[in-house]
Amino acid sequence: MSINLAESVKLKSIITKKIQELTVAVHQVTHVVIEKGEEPKQPALTLEKLETDLKQLRYDSRKLDALIYRANIDNTIVFNDEEMPIVEAIELANQLRAEAAFCKKLGMEDKESYYHSVGETMLYRIALYEPLDYLNRSNELEKQAHRLSNAINAKNYQVAIAFDDSNYY
C-alpha cells in the first residue's frame with residue numbers, strides 16, 4: 001500500500017496528535033481518587049492497552065518520518081532552471097520568505113524622517129538606500145516563494161511512498 005507525499009505529511013500530523021492524546025490518556029488511567037476502603041473502578045482503557053497503542057504509533061511515526069525524509073532527498077523539482085531535491089527546495093522557500101520579510105521591513109522605512117532636536121539643531125534620520133526598491137524586491141521574493149511552494153506541493157502529490165495508512169483512515 002502506498003500514499004502520496006502530501007498525504008504522508010498530513011498523516012504525520014495526525015499520528016503526532018494521537019501520540020499526544022494517548023499520553024494524556026495514560027496519565028488519566030494511572031490514578032483514581034477514591035474514599036478510603038473503596039475499590040477503585042478500572043477504566044475502560046487499560047494502561048497496557050494504551051502503552052501498546054503508543055508503541056505502535058511511535059513506530060509508525062518513525063517509519064513515516066524516514067520515508068518522508070528519503071522522498072524529500074530522492075525526488076527533485078526544477079525552479080528557476082535549477083534542479084534540486086525537495087528538501088533543498090523547502091529550505092529555499094523558507095529563505096525566500098525570510099528575505100522577503102527583511103526587505104519588506106526595509107521597504108516600510110521612510111527615506112527621511114525627523115529624528116531628534118538638540119537645542120536649535122534638528123536631526124534627521126536618512127535612509128542610505130531606496131525604501132521603495134526594497135518594497136518592490138520584497139514583493140518579487142514573495143512571488144518566487146509562492147511559485148516554489150506551489151511546485152513543492154505539486155510534486156508532493158506526485159511522489160508515492162510505501163506506507164499503510166489503513167490504521168488511520
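## Close-up views of a predicted model

**View 1. The buried residues of helix α3.** In α3, the buried residues are Ile-86, Ala-89, Ala-93, Leu-96, Ala-100, Cys-103 and Gly-107. They share the same side of α3, because the arc they cover around the axis is only 95°. Turn to the other side of α3 and you will find Phe-102 and Lys-105, which are exposed. The model shown here, and in every view below, is a predicted one. The partners of the buried α3 residues are α1, α2, β2, β3 (82–85) and α4, against which they pack.

**View 2. Where helix α2 crosses helix α3.** Two packed helices are described by the angle between their axes and the distance between the axes. Here the axes of α2 and α3 come within 5 Å and cross at roughly 85°. With that angle, α2 is roughly perpendicular to α3. To find the meeting place, look for Ala-71, Asn-72 and Ile-73 in α2, which meet Ile-86, Val-87 and Ile-90 in α3.

**View 3. Asn-72 and Asp-74 in helix α2.** Asn-72 sits in helix α2, and with a relative accessibility of 11% it counts as buried. Leaving aside neighbours within four places in sequence, Asn-72 is in contact with Leu-5, Pro-85, Ile-86, Val-87, Ile-90 and Asn-156. Asp-74 also belongs to helix α2, but Asp-74 is partly exposed, with a relative accessible area of 49%. Along the chain, 13 residues separate Asp-74 from Val-87, while their C-alpha atoms are 9.1 Å apart.

**View 4. The buried residues along helix α2.** The buried residues of α2 are Leu-50, Leu-54, Leu-57, Asp-60, Ser-61, Leu-64, Asp-65, Ile-68, Ala-71 and Asn-72. What covers them includes α1, β3, α3, α4 and β6 (160–161). A check of helix length works out well here too: at 1.5 Å a residue, the 28 residues of α2 should span 40 Å, and the end C-alpha atoms are 40 Å apart, which agrees.

**View 5. Leu-47 in helix α2.** Leu-47 is another residue of helix α2. Its relative accessible area is 29%, so Leu-47 is partly exposed. Apart from neighbours within four places in sequence, Leu-47 is in contact with Val-26, Val-29 and Thr-30. His-27 makes a handy landmark: Leu-47 and His-27 are 20 residues apart in sequence, and from C-alpha to C-alpha they are 9.1 Å apart in space.

**View 6. The largest nonpolar core.** In soluble globular proteins, nonpolar side chains tend to be buried together. The largest nonpolar core of this model has 32 residues, and those that touch the most other members are Leu-11, Ile-15, Leu-64, Ile-77, Leu-148 and Ile-152. At least two residues of this core come from each of α1 (5–29), α2 (47–74), β2 (76–79), α3 (86–107) and α4 (131–158). With eight residues, α1 gives the most to this core. Which residues surround Ile-15, leaving aside its neighbours within four places in sequence? Ile-15 is in contact with Leu-57, Asp-60, Ser-61, Leu-64 and Tyr-168.

**View 7. The buried residues of helix α4.** In α4, you can pick out Pro-131, Ser-138, Leu-141, Gln-144, Ala-145, Leu-148, Ser-149, Ile-152, Lys-155 and Asn-156 as buried. The elements that cover them include β1 (3–4), α1, α2, β2 and α3. At 1.5 Å a residue, the 28 residues of α4 should span 40 Å; the end C-alpha atoms are 41 Å apart, which agrees.

View 8. Is Asn-80 buried or exposed? At 52% relative accessibility, Asn-80 counts as exposed. Asp-81 is exposed too, with a relative accessible area of 81%. The backbone is worth a look: phi of Asn-80 is near 50°, a positive value in a residue other than glycine. Asp-81, likewise a residue other than glycine, has a positive phi near 65°.

Terms used. Residues numbered from 1 in each chain as written. Predicted model: local features only at pLDDT ≥ 70, side-chain atom pairs only at ≥ 80, totals over all residues. Heavy atoms only, no water. Core = buried A, V, L, I, M, F, W, Y, C linked by side-chain atoms within 4.5 Å. Buried < 20%, exposed > 50% of the residue type's maximum accessible area, 1.4 Å probe, protein only. Helix = DSSP H or I, 4+ residues; strand = E, 2+ residues; numbered from the N terminus. Contact = heavy atoms within 4.5 Å. Arc of directions from axis to C-beta. Axes fitted to C-alpha atoms, helices over the stretch in contact; angles between N-to-C directions. Parallel < 35°, antiparallel > 145°, perpendicular 65-115°, else oblique. Expected span 1.5 Å × (residues − 1).
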